Amino acid sequence: MLHTFAAVFALVAGLSLLTLKKGTPLHRFTGYIWVATLSSVALSSFWIHDLRMIGPFSPIHLLSIWALYNLVRAITAVRAGDIATHSASMKSLYLYALVGAGLFTLLPGRILHQVVFGQ
């Protein structure tokens, strides 16, 4: 449940970050919240074992590892003043770790598919 709520919150917060003026205190504050939320989404995924393909894990867990790595990369980049790498990393995280992974949760047979479509 934490995983789903955090993912939905991260989708909304991430969308606002994409539209906010960059470099402002509001952008920075929202960014801290987004990083914490996306971290909790990625970390909580390791306790979800619905699709067991590699022991208790599935390829989606590789996406969680990638997300955590890219969060560190993006934070390191912005602290070093490398805004281009920061921006590219954060946009790819939003697109792949949230939107892409979220679409997979809507496939038939998944819990969220049943919740959204009632099947």
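Guide: H3 crosses H4 in a left-handed sense. In this predicted model, the two helices pack at an angle of about 155 degrees, and their axes are 8 Å apart. Angles over 145 degrees count as roughly antiparallel, so H3 and H4 are roughly antiparallel to each other. On the H3 side the contact is made by Ile60, Leu63, Trp66, Ala67, Asn70, Leu71, Arg73, Ala74, Ala77 and Val78. H4 contributes Ile83, Thr85, His86, Ser89, Met90, Ser92, Leu93, Tyr96, Ala97 and Ala101. Sorted by class, this contact of H3 with H4 has 14 nonpolar, five polar and one charged residues.

H3 also packs against H2. The axes of H2 and H3 come within 9 Å and cross at roughly 155 degrees; H2 and H3 are therefore roughly antiparallel to each other. The crossing of H2 past H3 is left-handed. From H2, the residues in contact are Trp34, Val35, Leu38, Ser39, Ala42 and Leu43, and from H3 they are Ser64, Ala67, Leu68, Leu71 and Ile75. Nine of the residues in the contact of H2 with H3 are nonpolar, two are polar and none is charged.

H1 passes H4 in a left-handed crossing. The contact involves Ala7, Ala10, Leu11, Gly14, Leu15 and Leu18 of H1, together with Lys91, Tyr94, Leu98 and Val99 of H4. Its classes are eight nonpolar, one polar and one charged for the contact of H1 with H4.

That leaves the open space. The second largest pocket has a volume of about 630 Å³. Helix H1 (2–19), helix H2 (25–44), helix H3 (60–79) and helix H4 (83–104) each supply at least two residues of its lining. The lining of this pocket comprises 21 residues, and His27, Gly31, Val78, His86 and Met90 lie nearest the centre. By class, the lining of the second largest pocket has 10 nonpolar, seven polar and four charged residues.

Methods:
Residues are numbered from 1 along each chain as its sequence is written. This is a predicted model: local features need pLDDT of at least 70, side-chain atom pairs count only at pLDDT 80 or more; totals for chains, interfaces and linings use all residues. Side-chain values use heavy atoms; hydrogens and water are left out. On a 1 Å grid over the protein atoms alone, a cavity is a set of points where a 1.4 Å probe fits but cannot get out, and a pocket is an open set with protein on both sides within 12 Å along at least five of seven lines; lining residues have an atom within 4 Å of a point. Grid points are joined across faces, edges and corners, and a volume is the space filled by probe spheres set on the points. Helices (H or I, at least four residues) and strands (E, at least two) are DSSP runs, numbered from the N terminus. Ala, Val, Leu, Ile, Met, Phe, Trp, Tyr, Cys and Pro count as nonpolar, Asp, Glu, Lys and Arg as charged, and the others, Gly among them, as polar. Axes are lines fitted to C-alpha atoms, for helices over the stretch in contact, and angles run from 0 to 180 degrees between N-to-C directions. Angles under 35 degrees count as roughly parallel, over 145 as roughly antiparallel, 65 to 115 as roughly perpendicular and the rest as oblique. A crossing is left-handed if the near helix is turned anticlockwise from the far one by less than a right angle, and right-handed if clockwise. Contact means heavy atoms within 4.5 Å.
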